[in-house]
Amino acid sequence: MTKQQLFEQIQKKRSFLCVGLDSSLDKIPKHLLKYENPILEFNKQIIDATKDLCVAYKPNTAFYECYGKKGWETLTETWKYIPEDIFSIADAKRGDIGNTSAMYAETFFNAASSEMSFDSVTVAPYMGSDSVTPFLTFKDKWVILLALTSNMGHADFQLQEVGEDRLFEKVIKTSQAWATDEQMMYVVGATRGAAFGDVRKLAPDHFLLVPGVGAQGGDLGEVCKYGLNSQCGLLINSSRGIIYAGQGEDFAERAREEALKLQQEMEQILVKAELV
Ligand SMILES: O=c1ccn([C@@H]2O[C@H](COP(=O)(O)O)[C@@H](O)[C@H]2O)c(=O)[nH]1
């Protein structure tokens, strides 16, 4: 999916919501355990209930890899179930020496070999250019590079000064030599608030994937105040806050209600910013 197509979806749905599919057997409603593949059934019902309210789905691969062969099958079938016009993110946080990264890229982008072709994959920048560029050889596919994460430990490295910059600023500056804003996004945690202003000084036109609203307490209004750009430029993820909103037979409706609350807030923000 291109940047323009993503923006068109945002305008059409009046939403920049990404639903995180962090689905695990111990958290999904108990009545689903009777299904042959409970997590797949859960994901399908969540997707059916939210697909008109969001523009992206983000399965975090950890929640699938932990179940071995069956988990990979679930991830593959979940990817197949995501509607084509919805941006798909494999939140895998990969990155290794070049030839290994090339195999990771095949895994997530080349359906001919892996049966999956996500629109994007999250990548860690720590190993540098040759660990990231193999993901950039696929047309209309995206790297989402970790920049300033939502977790407490972000300060251990990302805020350390490297010359005149903090490390996350160095990551954003240096990586812009590897790809344009048509192929690269950055992860910036919703819990980072005013730091969105610093990110926007360096990356005014890039899309930012923003996890951390909902369960982690990030503030949507604050993120948008500093992070919105002329093509919206934000994909706001909520995983647990949406998918585990209910535990009963009506869990998908409860998930829809939570997604709807966020979508309605986003619509107001888009209208106020005259983006729709
Ligand atoms: O900085 C980061 C990078 C990735 N994540 C991932 O996003 C979701 C958040 O889940 P919630 O349940 O909405 O908190 C999860 O998959 C994380 O691994 C992040 O939270 N922060």
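This is a predicted model: local features need pLDDT of at least 70, side-chain atom pairs count only at pLDDT 80 or more; totals for chains, interfaces and linings use all residues.
Local features here need pLDDT of at least 70 and side-chain atom pairs count only at pLDDT 80 or more, while totals for chains, interfaces and linings use all residues. Residues are numbered from 1 along each chain as its sequence is written.

**View 1. Eight strands close into a barrel.** Follow the order β1-β2-β3-β4-β5-β8-β9-β10, with parallel pairing throughout the list. Strands are DSSP runs of E with at least two residues, helices are runs of H or I with at least four, and both are numbered from the N terminus. Two strands pair if DSSP finds at least two bridges between them. From one strand to the next, the twist averages 30 degrees. For a closer look, take β4 (residues 120-123) and β5 (residues 142-148), which pair in the parallel sense over four bridges. Here T122 stands opposite I144 in β5.

**View 2. Helix α2 (residues 38-50) meets helix α4 (residues 68-81).** Two packed helices are described by the angle between their axes and the distance between the axes. These two axes come within 10 Å and cross at roughly 20 degrees. Axes are lines fitted to C-alpha atoms, for helices over the stretch in contact, and angles run from 0 to 180 degrees between N-to-C directions. That makes α2 roughly parallel to α4 (angles under 35 degrees count as roughly parallel). The crossing is right-handed, meaning that the near helix is turned clockwise from the far one by less than a right angle. In α2, I39, L40, N43, K44 and I47 meet T74, E77, T78 and Y81 of α4; residues are in contact if their C-beta atoms, placed from the backbone, lie within 7 Å.

**View 3. Helix α10 (residues 195-202) crosses helix α11 (residues 220-227).** The axes come within 8 Å and cross at roughly 30 degrees, so α10 and α11 are roughly parallel to each other. Look for F196, G197 and R200 of α10 beside V223, Y226 and G227 of α11, which make the contact.

**View 4. A shell of 19 residues surrounds the ligand.** Which residues are the closest to the ligand? They are N60, T149, P211, S239 and R240.

Definitions and conventions: Angles under 35 degrees count as roughly parallel, over 145 as roughly antiparallel, 65 to 115 as roughly perpendicular and the rest as oblique. Two residues are in contact if their C-beta atoms, placed from the backbone, lie within 7 Å. A residue is near a molecule or strand if its C-beta atom, placed from the backbone, lies within 6 Å of it.
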